[in-house]
Each structure stands twice: as structure tokens, then as C-alpha cells.
Amino acid sequence: MLSLVPGLGLLWRAWWRRLPPSGGGHEPAAAGRESRARGGGMEQQERALEVYDIIRTIRDPEKPNTLEELDVVTESCVEVQEICEDEFLVIIRFTPTVPHCSLATLIGLCLRIKLQRCLPFKHKLEIYISEGMHSTEEDINKQINDKERVAAAMENPNLREIVEQCVLEPE
């Protein structure tokens, strides 16, 4: 039922985590301890949800769907690690719809641009294609994590227009 309303699942999980662990909740206490040990602290988990909420509405360059609707990005594809006080490493691992997707680099560019514009905290950003999910993932990973290549791509007016349309917030 929650999946029928976009964003409600995120809101529900954020609210649920604020409940006391022993207060008759549905999540076993061991699961809460395990997730904190695996994903860092609650702050990193909340930041990961914040990142996901930003990227899930990016539109696919070819289709009228969002990256969330196409399962290109999911909550589990976002990882946030604390580098030092008030600075975080954000790692995104996205999954193109097909292993030979010609727009995977453009999707990575859209992810980078939207996060650079919208993240409200100091961060370093690493974006990767999920391992084994694209025929040229190594080359694409290098491209989307190279600041000079990203800057050059955004100087191209046609490419910039496509990126702008993809990252535009829905009304």
C-alpha cells in the first residue's frame, strides 16, 4: 500500500526510525543495531535518505519516467560515509535499464549535477554504475567522476539542455 504513494515510503521509514527501539515496533532491535553498524550512524542513514529523495525524481532522458520508477536508483544504491566533522562522502551506484544503455553516461551526469546543486551539506561525490550492470561500466565510471569531463559536457548547450530537463523538479 505504501508503494502506491510516491515518497510515502521514505516518510514512513524516517518517522519509524524515530520511535524508541523497545516500544513495540515492528523492527527487531537486532536489525536496528545491525543497520547502524553497517551503515554508520543515524545521521548517515538520514543523509542517505535525503540524497535518495533528491535523485529519485530525476527523469530518464528517453522515457517519461523517473529513475526511481525505472529502478535505475533505489534507496539501497545510496551510501553516505562521514569523512570528517561536517563533511560526507556520498556514493551512488545506479543500475541502467539494459547492459548496453547508450545514455548511462548522461544519467550519471544528471545525478552529479542535481546533487551538486541540491545537497545542503558539504560532501564529496562518487557515482558508479552497479558492478556488472553495463558493458562499458569502467569507462563510464571514469567519465562521470572526472571533474574536467563533467565541466566540458556541461559547456555543450545541447547536452546542458537535456540535463536541465532531466533534473527539473516535477510540479
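Student: How do helix 4 and helix 5 run, roughly parallel or roughly perpendicular to each other?
Tutor: In this predicted model, their axes cross at roughly 30°. Angles under 35 degrees count as roughly parallel, so helix 4 and helix 5 are roughly parallel to each other.

Student: Where are these two helices, and within what distance do the axes come?
Tutor: Helix 4 covers residues 104–118 and helix 5 covers residues 137–144. Their axes come within 10 Å.

Student: Is that crossing left-handed or right-handed?
Tutor: Helix 4 and helix 5 make a right-handed crossing.

Student: Which residues meet there?
Tutor: Helix 4 brings Ala104, Thr105, Gly108, Leu109 and Arg112. They meet Ile140, Gln143 and Ile144 of helix 5.

Student: And how many are nonpolar, polar or charged?
Tutor: That contact has four nonpolar residues, three polar and one charged.

Student: New topic, helix 3. At what angle does its axis cross the axis of helix 4?
Tutor: Roughly 120°. Helix 3 spans residues 42–55, and its axis comes within 10 Å of the helix 4 axis.

Student: What does that make helix 3 relative to helix 4?
Tutor: The angle makes helix 3 oblique to helix 4.

Student: Which hand does this crossing have, left or right?
Tutor: Helix 3 passes helix 4 in a right-handed crossing.

Student: Which residues make the contact?
Tutor: From helix 3, Val51, Ile54 and Ile55. From helix 4, Leu111, Lys114, Leu115 and Cys118.

How values were computed. Residues are numbered from 1 along each chain as its sequence is written. This is a predicted model: local features need pLDDT of at least 70, side-chain atom pairs count only at pLDDT 80 or more; totals for chains, interfaces and linings use all residues. Side-chain values use heavy atoms; hydrogens and water are left out. Axes are lines fitted to C-alpha atoms, for helices over the stretch in contact, and angles run from 0 to 180 degrees between N-to-C directions. Helices (H or I, at least four residues) and strands (E, at least two) are DSSP runs, numbered from the N terminus. Angles under 35 degrees count as roughly parallel, over 145 as roughly antiparallel, 65 to 115 as roughly perpendicular and the rest as oblique. A crossing is left-handed if the near helix is turned anticlockwise from the far one by less than a right angle, and right-handed if clockwise. Contact means heavy atoms within 4.5 Å. Ala, Val, Leu, Ile, Met, Phe, Trp, Tyr, Cys and Pro count as nonpolar, Asp, Glu, Lys and Arg as charged, and the others, Gly among them, as polar.
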